[in-house]
Amino acid sequence: MKTIGVLTSGGDSPGMNAAIRAVVRTAHAKGLVVYGIENGYQGMIDNNMRILQPHDVGGILHRGGTFLYSARCKEFRTYEGREKAHNNLKTRGIEAIVVIGGDGSLAGARDLYNEFNIRCIGIPGSIDNDLYGTDMSLGVDTALNTIVNALDMISDTASSHNRTFFVEVMGRNSGYLAAQAALASGAEAVVVPEYKFDWDKGIKQLLDRHNNGYRCNIVIVAEGAGSVLEMASEVKKKAPELDARITILGHVQRGGAPTAYDRNLASILGRTSVEALLDGKTGLMVGTQGGKIAFTSFEDVFNNKSTLDPAIIETLVMIK
Ligand code: F6P
């Protein structure tokens, strides 16, 4: 193997740049040519790729977003799209790729290998932390800290006005960010897709707190658990004295400089991904389990769900 490609795909996440940098520099140190593929799989189809030298990835370690850009590419989901992409890879002599992204991105890599024998290692990059096979995906730690900073600010204004805030955080199918942020910020309740929330009980608890002199109530809602607007408007009707307000944190959560944790995780996984390709590995995601590097087959990633640690919710309930 002489030539590889690297791309970021799907929702960006802080730490992707650090991973690209590690892939490029490791590949170079091992005597490989490495292409940066822009705009995810769209760039593969559009032949939007260039050789990266180690100095090209200088000054990006500490930046959020992805300097290779990203996209959610519908065309790549078709065989014709992947065939075009493969022809472009073949012309450049690219035999293997490192894909940094979520499960949709890894599924694209699986198809490319099955249909065209392009070898691939995946690096988990998604703030949702919904990928089976790794303790953490790139960007999760940064997003969580961004959310907790925002919640600290919201609690200042909530207690000044004696209000209840419903705060929506990202997490399409996963309550990881919501639950961890709830515990880290001392929120009163969390609504996640993994557990059914008893609204009658919840409203009663919020009212009890309010009546007992607590001036700040925060309920964190994972976006995958339902509409925060509907939840808050229901509470406004049933308990107007809570003076409910809504904050949707949105894409603020996906940007910003990666934390030291995300940078270092990205660097280690980036380096390991190239070494794995050189060892002949393919069809695997490289992550960590119990803090140690671990490989998981794409099929295992797709066929299993990452689960929410019940200790988070239990602790939240115990000490609220
Ligand atoms: O998968 C990461 C994520 O940030 C989800 O939490 C969110 O639902 C989705 O991406 C938003 O995607 P987009 O930026 O394409 O609207």
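This is a predicted model: local features need pLDDT of at least 70, side-chain atom pairs count only at pLDDT 80 or more; totals for chains, interfaces and linings use all residues.
Strand S6 (residues 163-169) pairs with strand S8 (residues 216-222) over seven bridges, in the parallel sense. Within this pairing, Arg163 has Cys216 of S8 as its bridge partner.

Arg163 also takes part in a salt bridge. Its side chain meets that of Asp243, at 3.1 Å from N to O. Arg163 lies in strand S6, whereas Asp243 lies in the loop between helix H8 (228-238) and S9, so the pair ties together parts that are 80 residues apart in sequence. Arg163 is buried, with a relative accessible area of 17%. Asp243 is partly exposed, at 29%.

In total, the model contains 16 salt bridges. Another of them joins Arg50 and Glu38, with the closest N and O atoms 3.3 Å apart. Arg50 belongs to strand S3 (residues 49-51), and Glu38 to the loop between strand S2 (33-37) and helix H2 (40-45); the pair therefore links parts that are 12 residues apart in sequence. Arg50 counts as partly exposed at 35% relative accessibility. Glu38 is buried, at 14% relative accessible area.

The side chains of Glu234 and Lys238 meet at 3.3 Å, N to O. The two residues are four apart in helix H8, so about one helical turn separates them. Glu234 is partly exposed at 34% relative accessibility. Lys238 is also partly exposed, with a relative accessible area of 48%. Salt bridges that share partners join Arg82, Arg110, Asp111, Glu115 and Glu299 into one network.

Helix H3 (residues 79-92) packs with helix H4 (residues 103-116) at an angle of about 75 degrees, the axes being 11 Å apart. Angles of 65 to 115 degrees count as roughly perpendicular, and H3 and H4 are therefore roughly perpendicular to each other. From H3, the contact involves Tyr79, Arg82, Glu83, His86 and Leu89. H4 contributes Asp111, Leu112, Glu115 and Phe116. Four of the contact residues are nonpolar, one is polar and four are charged.

Conventions:
Residues are numbered from 1 along each chain as its sequence is written. Side-chain values use heavy atoms; hydrogens and water are left out. Two strands pair if DSSP finds at least two bridges between them. Axes are lines fitted to C-alpha atoms, for helices over the stretch in contact, and angles run from 0 to 180 degrees between N-to-C directions. Angles under 35 degrees count as roughly parallel, over 145 as roughly antiparallel, 65 to 115 as roughly perpendicular and the rest as oblique. Contact means heavy atoms within 4.5 Å. Ala, Val, Leu, Ile, Met, Phe, Trp, Tyr, Cys and Pro count as nonpolar, Asp, Glu, Lys and Arg as charged, and the others, Gly among them, as polar. A salt bridge is a side-chain nitrogen of Lys or Arg within 4 Å of a carboxyl oxygen of Asp or Glu. Buried means under 20% relative accessible area, exposed over 50%, partly exposed in between (1.4 Å probe, protein chains only).
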